[in-house]
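Open the model and keep the sequence beside it. We will go through it one feature at a time.

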Amino acid sequence: MRLVIMYPLRVTRRRRRRRPGRGWRRTQLGLSSLPWGEKVGFQGDVPRCSHGGGMRELTGLSSRSGAGLLPLLLIPPVLLALQLLVVARLWVEERDGAVAFTVISIEPERSSTGQAGGARSRRPGREEEEEEELMRDVEQAYEDENEMQERQVGPRVMDVQLWAVNKPSFPAELSRIITYITMPQLKCSKVLPPGKAQAVPPPVISARWLLCAEDWLLPAAHRPCVAYSFSMDRGDADFLSTVSGLGCEIHRFDPSTSSASVGHLGNSLASNHGNRGVVSQHKLWLEWRAPKGRRHRTSGSQGGVSHTLADIMAALGHHTVHFLYADLLSAEWRVFQNWIEVGILQNIHHLVATVHLHWAGFEVGGSNEEVLRYWFSVLRGLEACGLHLVHSSSGEGHSVLKHTLENAHSSYTLTWANTQH
């Protein structure tokens, strides 16, 4: 009986020693009914319960809780990997010149610093200021373009021709330009000789100039006709007689004149519309330099002596000049260049002009070969604008750039007709 009584007592004490402390609850940290000594946590982690009394030491989680937290723990590394892939792709595309994003912007430059593939950060209101400034520039450009487009149709820049023999050569350049100005390009079945308003068939002996009188080149009888003459030596008398007989509105420009007819005095540019055949005198001259910043004048007095042809036409209210005579005393080369570059030649139907070869001309410099090439470039520029040579006559003297030459003259009077108007 004694042995039977003592056996259960020993078993009870042994279990009591293995039981944890009273303050411990198995439900702490999400644990419910794990057997003591069981492995918990992720694979490879082997947390164990402590023996010998006191709180059990835990270093892991239950399998149920670990399975729930696994997706949450995977989110940060996945996002980091995606970000690294995007950055790497942007770097590769930028290096290869590809376009990573389509950005609509009016900024002239794009900054790639600060944000990956984003726009440059700016101060508040800075973008609006730049847009307004850009729009002002665009509006000014359109305004200037529209202003010039009214009278610009031909080329904007005069092309400089190549050398005649691929290198500077005075004989070659001289031969080329003399040949060019002495060979007519347009054959006319009818011409108007100096001082005559009735067309005659060619040839006309010893004519200083001849106007091409083809019907499609002359203004219709019922349409207005405008003629300009720029001369200081009264050598335009025959021209004035011819255009007067055609019933044109005539304007003569001479800075040396002391009076003006039909009541228009000084340098006034009041037009004489309706006074067909009457010559209106103006104390003005042609200028090839358009002052910068000066707007195109439309009417009335110019307040000066020299003006561009475009300004004179605008002040008189003329869009077209049917006949123009010009003896500009060696200023013709620069004036012609101005006409080419502003495109005014489209509005000139017939041109009679004297070119001077005895010296380079106003504001024309360089070697003799360069001057001859420049002259030839100007003549080709006139042709590119539609002017074709109808008649050529030589003047007195045989001096070209201070060289006395038997096969060339110091001046030539040339007549062109515009086939593109």
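Cys225 and Cys248 are both buried. In this predicted model, the two cysteines are joined by a disulfide, with 1.8 Å from S to S. A disulfide is a covalent bond between the sulfur atoms of two cysteines. Where do Cys225 and Cys248 lie in the chain? Cys225 is in the loop between S2 and strand S3 (226-230). Cys248 is in the loop between helix H5 (237-245) and strand S4 (249-253). The pair therefore ties together parts that are 23 residues apart in sequence. Now look along the S-S bond. Its torsion in Cys225 and Cys248 is about 50 degrees, so this disulfide is right-handed.

A search of the whole structure finds two disulfides. The other one joins Cys188 to Cys212, with 2.0 Å from S to S. This pair links distant parts of the chain, 24 residues apart. Cys188 sits in the loop between helix H4 (170-181) and strand S1 (191-192). Cys212 belongs to strand S2 (residues 211-212). Is this disulfide left-handed or right-handed? The torsion about the S-S bond of Cys188 and Cys212 is about -115 degrees, so the disulfide is left-handed. Cys188 and Cys212 are both buried. Count the bonded cysteines along the chain, and the pattern reads 1-2, 3-4. Another cysteine to find is Cys385. Cys385 is buried, because its relative accessible area is 4% and the cut-off for buried is under 20%.

Next, follow the strands. Start from S3. S3 and S4 run parallel and are joined by five bridges. One of the residue pairs is Tyr228 with His251, its bridge partner in S4. How does the chain get from S3 to S4? The chain crosses through H5, and this β-α-β crossover is right-handed.

Stay with S4. Five of its five residues are buried, so S4 is largely enclosed by the rest of the structure. Which way do its residues point? Glu249, His251 and Phe253 point one way. Ile250 and Arg252 point the other way. S4 also pairs with strand S5 (residues 279-282), in the parallel sense, over four bridges. There, Arg252 stands opposite Gln281 in S5.

Go back to S3. S3 also pairs with S8, again in the parallel sense, over four bridges. Ala227 stands opposite Phe323 in S8. Is strand S8 (residues 321-326) enclosed or open? Six of its six residues are buried, so S8 is largely enclosed by the rest of the structure.

From S8, step on to strand S9 (residues 348-356). Five bridges join S8 to S9, and the two strands run parallel. Ala326 has Ala353 as its bridge partner in S9. Between S8 and S9 the chain passes through helix H7 (residues 332-342), in a β-α-β crossover that is right-handed.

Find helix H2 (residues 63-96), which contains Val78. Val78 is partly exposed, because its relative accessible area is 46%, which falls between the 20% limit for buried and the 50% limit for exposed.

Last, check the backbone. Most residues other than glycine have a negative phi, and most peptide bonds are trans. Which peptide bond is cis? The bond from Pro202 to Pro203 is cis, with omega near 5 degrees. Pro203 lies in the loop between S1 and S2.

Arg234 is not a glycine, yet its phi is positive, near 60 degrees. Arg234 is in the loop between S3 and H5, and at 53% relative accessibility it counts as exposed. Lys402 is not a glycine either, and its phi is positive too, at about 70 degrees. Find Lys402 in the loop between strand S11 (399-400) and strand S12 (403-404). Is Lys402 buried or exposed? At 74% relative accessibility, Lys402 counts as exposed.

How values were computed: Residues numbered from 1 in each chain as written. Predicted model: local features only at pLDDT ≥ 70, side-chain atom pairs only at ≥ 80, totals over all residues. Heavy atoms only, no water. Disulfide = S-S within 2.5 Å. Buried < 20%, exposed > 50% of the residue type's maximum accessible area, 1.4 Å probe, protein only. Pairing = 2+ DSSP bridges. Right-handed = clockwise from strand over helix to strand, strands pointing away.
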